[in-house]
There are 2 protein chains.
Amino acid sequence: MITVHGFSVSGNCHKVRLLLEQLGRPYRWVEVDSARGGTRTAGFLAINPNGKVPVLVREDGAVLTESDAMLFWLAEGTPFLPDDAWQRAQALSWMFFEQYSHEPYVAVARFICGWTPLDSPRRAELPRLRERGHQALAVMERHLATHEWFTGARYGIADIALFAYTHVAPHGGIALDAYPRIRDWLARVQATPGFVPMPAPDADAQALIDRS
Amino acid sequence: MITVHGFSVSGNCHKVRLLLEQLGRPYRWVEVDSARGGTRTAGFLAINPNGKVPVLVREDGAVLTESDAMLFWLAEGTPFLPDDAWQRAQALSWMFFEQYSHEPYVAVARFICGWTPLDSPRRAELPRLRERGHQALAVMERHLATHEWFTGARYGIADIALFAYTHVAPHGGIALDAYPRIRDWLARVQATPGFVPMPAPDADAQALIDRS
């Protein structure tokens, strides 16, 4: 059985849990609070010297890092990844878009709002992060004008990758009001068989989000 | 025949050219000077509304964005991408690392040094970009202590993805002196069959790099 080391309220970690649940694939989950130093302990660094979650560990001890690479590996040969090479490349294109043009803004704005003190100097980054986050959402909204999903003809790993932080963009002060197609797509994702919601931030994080 | 719209001195664009050359696959190259507005023209935006190079266009007009997704598509079924699913996922893991933890520092530092004026306010970002760039190089150096390549047992698309900006890291003020294994790996990449070098920056960019 595989083991996933992850922080449950992290979108990057939740991606992997969501796909595993939808695949019905057994796994062991080891909770790591990366917001409070859990990825900096000697024990964790022995598993992943890069000090990041999620980490996927096979039964034989082999390690895989990077959430979207895990999605690709888990989905190969399943309906969550197209068979057609061009469609597979399009799904990967959205996943690289997610990691380069979406997550560094949408996820980082959320992190700063919920997991840094109200007087953190990092809060000065928020206006720029929100502006770039909206640019990413506009790209998604445009795609959804002519497509139902991001993975190809049906729901799959590019949708999971983009869902993870898009649905909690408001935690970072990035409202979804201007994106009706994104809101409809989020609802379609939430209605897929075996969908499991991402846990809510804890009370401390929620209080910070409410005041951000 | 496929068409690639790209800026030849951009590492992200050169990745695609290098693989096409090594595959011996015919292609048409359309030069787009993204540092001087070439990706903001109406003509270019009609091809890629996101306004980024590279863009790959199939003969039937279908478009693929994101350099590393292009590498994956071009390499499927060739020796540049492993057949084994776990090895393929490891290659993708390095490509996501490249786009998330390497390119935003190593490539952006190079861009700022060579393609922004000496009095650009963006130059204030350089110390942090260089620090994070060195962190990425340290991760690569550690991998190379026990592996010859990043794609698996042999040279392939993860090596091409990482080579693109690593070999020109010094343009951004990120020296490679402290990374002997990276320097050896760069030489191995440069010795692979069909290797083509990335064009040097033009005289204006080189003058800025020299003074940065």
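This is a predicted model: local features need pLDDT of at least 70, side-chain atom pairs count only at pLDDT 80 or more; totals for chains, interfaces and linings use all residues.
Biologist: Which strand of chain A pairs with β3, and in what sense?
Modeller: Strands of a sheet pair through backbone hydrogen bonds, either parallel or antiparallel. Here β3 covers residues 55-57 of chain A, and its partner covers residues 2-6. They share three bridges. The partner is β1, and the sense is antiparallel.

Biologist: Which strands stand at the edges of the sheet in chain A?
Modeller: Four strands form an open sheet with mixed pairing, in the order β2-β1-β3-β4 (chain A). Each edge strand has a single partner strand, so one side of each is left without a neighbour in the sheet. Neighbouring strands of this sheet are turned against each other by 20° on average, direction ignored. The edge strands are β2 (27-31) and β4 (63-65) of chain A.

Biologist: Which helix of chain A lies across β1, β3 and β4?
Modeller: Helix α1 (residues 11-23) of chain A lies across β1 and β2, at about 155° to β2(A). The helix across β1, β3 and β4 runs at about 120° to β4(A). That helix spans residues 67-75 of chain A and is α3.

Biologist: Within what arc do the buried residues of α7(A) fall?
Modeller: Helix α7 covers residues 180-190 of chain A, and its buried residues are I182(A), W185(A), L186(A) and V189(A). Seen down the helix axis, they line one face, because they fall within a limited arc. Their cover includes α5 (126-144) and α6 (157-166) of chain A.

Biologist: Why do the copies meet through the same surface?
Modeller: The contact takes 32 residues from chain A and 32 residues from chain B. The surface is the same because the interface residues of chain A are also interface residues in chain B. The share is 100%.

Biologist: Which residues of chain A lose the most area to chain B?
Modeller: The two chains bury about 2,900 Å² between them, 61% of it on carbon and sulfur atoms. In chain A, three residues together make up 28% of what that side buries. They are W86(A), F96(A) and Y100(A).

Technical notes:
Residues are numbered from 1 along each chain as its sequence is written. Chains are lettered from A and ligands numbered from 1 in the order in which they are written. Side-chain values use heavy atoms; hydrogens and water are left out. Contact means heavy atoms within 4.5 Å. Two strands pair if DSSP finds at least two bridges between them. Helices (H or I, at least four residues) and strands (E, at least two) are DSSP runs, numbered from the N terminus. Axes are lines fitted to C-alpha atoms, for helices over the stretch in contact, and angles run from 0 to 180 degrees between N-to-C directions. Buried means under 20% relative accessible area, exposed over 50%, partly exposed in between (1.4 Å probe, protein chains only). The arc is that of the directions from the helix axis to the C-beta atoms. Buried area is the accessible area (1.4 Å probe) that two parts lose on being put together, summed over both.
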